[in-house]
Amino acid sequence: WNSNQPREVWLTGEAYFSVVHTQTNQRFQVHTSDDFNVEVLGTQFNVVSRASGTQVVLASGKVRLNMPNAGRTGKQVVMSPGDLIQFAEEPTAFLHKKVDPAMYTAWKNKQLILDHTSLRQIVSMLEDTYGLQVEVADTSLLSRQISGMLSTERTDLLINGLASVY
């Protein structure tokens with residue numbers, strides 16, 4: 001990056017960032033759409049940007065979410081460690097809650113941590129993350145929830161393990 005300009009990344013998918021402060025105070029921004037970006041104020045965080053929506057989980061430090069097209073004047077939200085902000089398709093209305101960041105960053109260690117997670121949510125994650133097409137013959141299973149930790153190192157074992165559980 002040029003030292004007199006902000007460091008900028010455009011993201012589709014999921015990424016974990018550990019951003020170091022520079023001597024020249026360069027800003028670091030992650031853009032997920034024209035209407036939304038994450039401005040880093042020195043931190044570690046996870047961003048998911050998919051067709052189903054955008055999600056930011058702050059592990060440490062501080063970030064500011066900039067939503068310039070939210071309402072007449074735009075909106076900014078400053079996050080604290082453990083905050084999760086989740087948007088549907090438009091970053092105008094969002095869910096804000098406290099979470100354990102380790103659950104959302106376990107993918108870096110090839111793990112999937114589930115905490116009362118429905119099969120519907122798991123199917124969505126498998127389709128978004130691995131590009132799989134998952135069919136559940138018994139749709140009554142979609143609302144069933146499970147908790148635990150699974151390895152994601154081998155997708156075939158992950159699928160077989162989930163099939164055994166359900």
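This tour goes through the cores, the pockets and the salt bridges of a predicted model. Residues are numbered from 1 along each chain as its sequence is written, and side-chain values use heavy atoms, with hydrogens and water left out. Local features need pLDDT of at least 70 and side-chain atom pairs count only at pLDDT 80 or more, while totals for chains, interfaces and linings use all residues.

**Stop 1: the cores**

Select F17, V38, F45, V56, V63 and L65. Among the 20 residues of the largest nonpolar core, these touch the most other members. A nonpolar core here is a set of buried Ala, Val, Leu, Ile, Met, Phe, Trp, Tyr and Cys residues joined through side-chain atoms within 4.5 Å. Buried means under 20% relative accessible area, exposed over 50%, and partly exposed in between (1.4 Å probe, protein chains only).

Now colour by strand. β2 (13–19), β3 (28–33), β4 (36–50), β5 (53–67), β6 (75–79) and β7 (83–87) each give two or more residues to this core. Helices (H or I, at least four residues) and strands (E, at least two) are DSSP runs, numbered from the N terminus.

Centre on V56. What is V56 in contact with, leaving aside neighbours within four places in sequence? The list is F36, V38, F45, N46, V47, L65, M79, D83, L84 and I85. Contact means heavy atoms within 4.5 Å.

Then jump to L119, L126, L141 and L158. They belong to a second, separate core of 13 residues.

**Stop 2: the pockets**

Show the largest pocket, with about 940 Å³ of space. On a 1 Å grid over the protein atoms alone, a pocket is an open set of points where a 1.4 Å probe fits, with protein on both sides within 12 Å along at least five of seven lines; lining residues have an atom within 4 Å of a point. Grid points are joined across faces, edges and corners, and the volume is the space filled by probe spheres set on the points.

Select Q55, Q86, Y104, Q121 and M125. Of the 31 lining residues, they are the closest to the centre of this pocket. β4, β5, β7, β8 (94–98), α1 (101–105), β9 (111–118) and α2 (119–130) each supply at least two residues of the lining. The lining divides into 14 nonpolar, 12 polar and five charged residues. Ala, Val, Leu, Ile, Met, Phe, Trp, Tyr, Cys and Pro count as nonpolar, Asp, Glu, Lys and Arg as charged, and the others, Gly among them, as polar.

Move to the second largest pocket, about 210 Å³. Its lining has 14 residues, with L119, V134, E135, V136 and A163 nearest the centre. α2 and α3 (155–165) give two or more residues each. α2 gives the most, with four. This lining holds 12 nonpolar, no polar and two charged residues.

**Stop 3: the salt bridges**

How many salt bridges are there? The count is five, taking a side-chain nitrogen of Lys or Arg within 4 Å of a carboxyl oxygen of Asp or Glu.

Pick R50 and E14. Their closest N and O atoms are 3.5 Å apart. R50 lies in strand β4 and E14 in strand β2, so the pair ties together parts 36 residues apart in sequence.

Next, D83 and K98, at 2.9 Å. This pair links strand β7 to strand β8, 15 residues apart. D83 is buried at 6%, whereas K98 is exposed at 55%.

Go on to R154 and D156, which meet at 2.7 Å, N to O. R154 is partly exposed at 46%, and D156 is partly exposed at 40%.

Finish on R27, E39 and R64, linked in a network of salt bridges.
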